[in-house]
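This briefing goes through the structure shown below, topic by topic. Please keep the sequence and the model at hand while reading.

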Amino acid sequence: MLKFALKRFLGAWPTLLIMIAIAFFMIRVAPGGPFDSERKLPPEIEARMLQAYHLDEPLYQQFGRYLAGLLKGDFGPSFQYKEYSVSELVMAGFPVSLRLGGLAMLLALVVGVSAGTIAALRQNTRTDYAVMAVSMTGISIPNFVMAPLLILFFAVFLGWLPAGGLGDGSAANLVLPVISLALPQIAYISRLTRGSMIEVLHSNFIRTARAKGLPERLVILRHAIKPALLPVVSYLGPATAAIITGSVVIEQIFGVPGLGRFFVQGALNRDYTLVLGVVIFYGVLIIVFNFFVDMIYALLDPRVKY
Amino acid sequence: MAAVNPVSSSAVEGRSLWVDARRRLMRNRAAVVASVILISMTLAVIVGPWLVPFDYDFTDWSNIAVPPDLASGHLFGTDSLGRDLLMRTLYGGRISLLVGLVATLVSLLIGIAYGAIAGYVGGRVDHLMMRIVDILYAMPFMFFVILLMVLFGRNIVLIFVAIGAINWLDMARIVRGQTLSLKRKEFIEAAEALGTPTLAIIRRHIVPNLLGVVVVYVTLTIPQVILVESFLSFLGLGVQEPMTSWGALVNDGAQEMESAPWLLIFPAVFLAATLFCFNFIGDGLRDALDPKDR
Amino acid sequence: MITLIRSGLPTLLLSLCLACAAAGCVDSETGSGAKPAPPPPEDGVVLRKGNGGEPDSLDPQRSEETSAADILRDLYEGLMAETPDGSLAPGVAERWEISDDGRVYTFYLRADARWSNGDPVVAEDFVAGMQRAVNPATGSAYGQLLQAVEGALDVVAGRQPPDVLGVRALSDRVLEIRLVEPTPYFLEILHHSTAYPVHRQSLAEFGDRFARPGNQVSNGAFMLDDWVVQSHVKLRKNPYYRDADNVAIDTVYYLHIEEPSAELKRYRAGELDYTLTLPNNQFAWIKENLPDDLVLGPFASVYYYQFSLDNAPFDDPRLRQALTMAIDREIIVDKVTGVGEIAAYSFVPVAVSNYQAAQFPWQDWPPERRLAEARRLYAEAGYSEKNPLQVELFYNTSENHKKIALAISAMWKQALGVRARPTNLEFKVLLQQRLDGSRWQVMRMGWVGDYNDANTFLEIFHSTHGQNDPGFANPEYDRLLAEAGQTLDPVRRLELLQAAERRLLSEYPVMPIYFSVVKRLVKPWVLGYRPNGLDHNYSKYLSIDTAARGF
């Protein structure tokens, strides 16, 4: 296990390098530069700016410079937010996104797994249909429709919760964004759990357990849950990606100052360094996360050997 | 609907299983109703535009943003540019369904092949293949698509490719995970002992046994792809106006949900109903295909 | 099975509770039914304004986005300032003299002008600010605004060091500015952020980071307290401000909300006192439900489409005229935008004072005659039903731009049979495309006046101007503008500018569509707000009826 972990750790570095390279060169190909603005800069000033940010050098040289900076923990200056460096922006946005995404993930897992299990246990009953129908609304209504509806109802009509922003960072500001972000994932996870739970419940070892006369409840908790969760664990990686993607919309709609918003704004503004910073940050995050997912998978499924 | 494809391609497994499955599926009322709704909606979307008297980009200046109304002939009302919403909903449906089907098919084919090979062969190959997936995963999807749209402009083929090319990653991972646990099973070991070539084992034993997961996954993927397209529309990167999709219509409608609710309600009903139907059919198929449930 | 139900349901309930606790329960945090919590009491009287996007910078010389402009107006004060209705008012300068030839301005600074740390504001601070604005090393997009000042263009182009700029401190309280030519609107430029003073000591200490919270020292009615990127900027009242006694607001929050519909929701939820704008498509709803909060006023801003004149077939003025005439502007402002925009038949907006715009001669024609003439010109240019014009119409991502592009294509199609393809580009791509006239045909653009004078609109079509995207080059036009720039007699100057505009309109390099409006929602407890033509807003003129708001 330790050897496997170490191998994974070492393997992450080339992954990271390739990822940085792809991201770096891709954004440079996109038309439009960071200093194209509505008001054209006089050529002399534009030349100075390009020089100041080393954008006048050949690309490979810029790439080398960027990597060297990264080793020192320097993501470079932001082109758009002239007062800030990318490291500052990422560090400001990440805790917010982490809180939002982490809570949404937790909510999705807890509610999704419970609902899916219940539906599986009562397959083809009214409870099953009800749970699935509710979870399906989560998938069927895009979150850019759901979020404004929630705002309209809970913030504008009822006045219970803030309509947007982070305010002083109190939990009240997070309720609506977390729910909007979690809803589609609740739906996916509950469906996934239901599917695999049904499959597991029909398998031989469960039949054996039942035949032994074990109480149904123990059958579920002791034997069925672990294998039934395998697809859910597999799905954790995509779920993280989905939550990161979803947070772009949710952060936009709720005006939450997280990384997702920086990312979209950065891409639209051709803020090369900011986009790269966010991409690299998320990349590391996903690599680390997938590492843990693999570990959990190995722990849950004794048949998988590394 | 795409979920039916793997069924027919695996018919070698033995006829009775699929006959049984169909019988079980027909007994599942939710799935049957969903299929009927979905088929009629698909037909409406294909045929309907010929029956509506307005063009999808025709601007009726005397009927701007009118609610549903029989007298003016705008059964679903018009949008803020006086365009007939019924026509636009049908037109948008074509695009949404097309995107959902084509992109899912793309991701399905790549994903199953990739995941099954990686999971079964294992070792270095698996490691390398999964590293590649990791690298692609670590590229935030949004970034990738925004960039593609920016570089090559709005193009419907590009949307297919972009969404399909991203989605196979999920498929590949799930298939690999299942394969990893499948390959320790007795019948695979038996096949190996008999000296069956690797590719044949994957094709004959691994892939068919993945069907349960794949079917569930496909039913999750089609609606998901339709949603991704709407997500792009939300960011202003979807299909180019005056063309439209359900996602784009719903997004436009959501802006005016209080002042012109019909703009949200009609396309949203179509979109949600389609997603619902796919999910119910998927569930039905899943239950029907499970051979252990005899 | 019964045991299962028992074990299943509690699990679900338990997990729901867990989830609720994780997300922060409604009741424990805000109390059920409570309005969003008011700001902390140490903020005093609070004003909460919607600000649209994130400011790019709060450095007066480096910022270029409008999202920073009103914040900077609160933070800084130039030699000149503006009244609530947007007319010129003395700022740090209490009086000034202009030489007879109109080329030398002498400003006498107020004795009580102070920086937010108590330092006096001296003439040398203005010299430093303006030198910084034209210094290419600063990278200011607005350096050219000072082009009337002696030496400014040479410095901007890097031919001369910044200290040759014709701005001199004669003493701590006397400042002299020398101009290249008499510039009748020069005082108007001096309330732009480019001409703000800088606190030299903090600039020396912090360099380009001198404008960050914690470093920034400013001389306006407010000072920078905090800036949470992508969330808000918080200003506090500057106790050293010369007129601090009359500033009623203690704390201003500028909230960064890009989407007008999101801004409206937060306004309705009571989180904002004042919006930046409002969503056009909900205007009818607003008029019905929030009539008392709605404020509308003319805006010195023109919305137009431009042709790439070097790109065939748009080198043919008949075609350009036909396309311009085929658009029914009244329908666009009535039915598409519908917030009270004014149909544009000239380029200079009506909100610009001391000016009477030249007009298209066919402005008052009945629609049939206008369309008939458009068809005739279209045919003359060689197009017909069988051989329709194919054209790509570029616009950047925005609900409003999209609607107008679609409306224009529909009108062209219905009137002339033109096959237009509206093409949505991302803003940065649009800006990139416009650099090369061969890569676009017809493109949306808009222009907001930098100052209240027709020159800020007309000069962009001078053949050498950086903003001249269509590539309009007309020696007569250039001559008329240059002559107007030298002319101090207002009547003669007006005639010259009008003649220039007439020339511009007769060549059809651009199709003006409409003049925008200032449109916003202001809560009834915000007192003293008046819309003005440049939409320049100062928080120091506002006050809050705290009894009506409840905090």
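Which pattern does chain B follow when read along the sequence? Chain B follows the pattern α-α-α-α-α-α-α-α-α-α-α-α, with 12 helices and zero strands. The model is predicted.

**Chain B**

- Chain B has 294 residues, and 52% of them count as buried.
- Among the contacts in chain B with a separation of 6 or more, 71% are between residues 24 or more positions apart.
- Helix α8 of chain B covers residues 186–193 and has eight residues, of which zero are buried, so the helix lies largely in the open.
- B:Gly195 follows α8(B) and has a positive phi, near 80 degrees.

**A four-stranded sheet in chain C**

- Four strands of chain C form an open sheet in the order β4-β5-β7-β6, and the pairing is antiparallel.
- β4 (93–98) and β6 (167–171) of chain C are the edge strands, each pairing on one side only.
- On average, neighbouring strands of this sheet are turned by 25 degrees against each other, with direction ignored.
- β6(C) runs antiparallel to strand β7 (residues 174–178) of chain C, and four bridges join the two.
- In this pairing, C:Val167 stands opposite C:Ile177 of β7(C).
- Helix α4 (residues 123–134) of chain C packs on the sheet and touches β5 (104–109), β6 and β7 of chain C.
- The direction of this helix makes about 170 degrees with that of β6(C).

**The loop residue C:Gly102**

- The loop between β4 and β5 of chain C contains C:Gly102.
- C:Gly102 has 16 other C-beta atoms within 10 Å; a residue counts as buried at 20 or more and as exposed at 12 or fewer, so C:Gly102 is partly exposed.
- Apart from neighbours within four places in sequence, C:Gly102 is in contact with C:Pro182 and C:Leu488.
- C:Arg173 is 71 residues from C:Gly102 along the chain, and 21 Å separate their C-alpha atoms.

**Domains of chain C**

- Chain C is divided into domain 1, made up of 46–245 + 522–539, and domain 2, which spans 300–518.
- Taken over C-alpha atoms, the centres of domain 1 and domain 2 of chain C are separated by 33 Å.
- Domain 1 of chain C gives 15 residues to the contact, and domain 2 of chain C gives 13 residues.
- The side of domain 1 of chain C that touches domain 2 of chain C has seven nonpolar, five polar and three charged residues.

**Nonpolar cores**

- The largest nonpolar core contains 259 residues, and A:Ala104, A:Val178 and A:Val278 are those with the most contacts inside it.
- Helix α4 (residues 86–121) of chain A supplies the largest share of this core, 19 residues.
- A:Val278 is in contact with A:Val90, A:Leu259, A:Phe262, A:Phe263 and A:Gly266, leaving aside its neighbours within four places in sequence.
- A second, separate core has 79 residues, including C:Val348, C:Val429, C:Trp440 and C:Val510.

Note on methods:
Residues are numbered from 1 along each chain as its sequence is written. Chains are lettered from A and ligands numbered from 1 in the order in which they are written. This is a predicted model: local features need pLDDT of at least 70, side-chain atom pairs count only at pLDDT 80 or more; totals for chains, interfaces and linings use all residues. Two strands pair if DSSP finds at least two bridges between them. Axes are lines fitted to C-alpha atoms, for helices over the stretch in contact, and angles run from 0 to 180 degrees between N-to-C directions. Two residues are in contact if their C-beta atoms, placed from the backbone, lie within 7 Å. Domain bounds come from an automatic or database domain assignment. Ala, Val, Leu, Ile, Met, Phe, Trp, Tyr, Cys and Pro count as nonpolar, Asp, Glu, Lys and Arg as charged, and the others, Gly among them, as polar. A nonpolar core is a set of buried Ala, Val, Leu, Ile, Met, Phe, Trp, Tyr and Cys residues joined through C-beta atoms within 7 Å.
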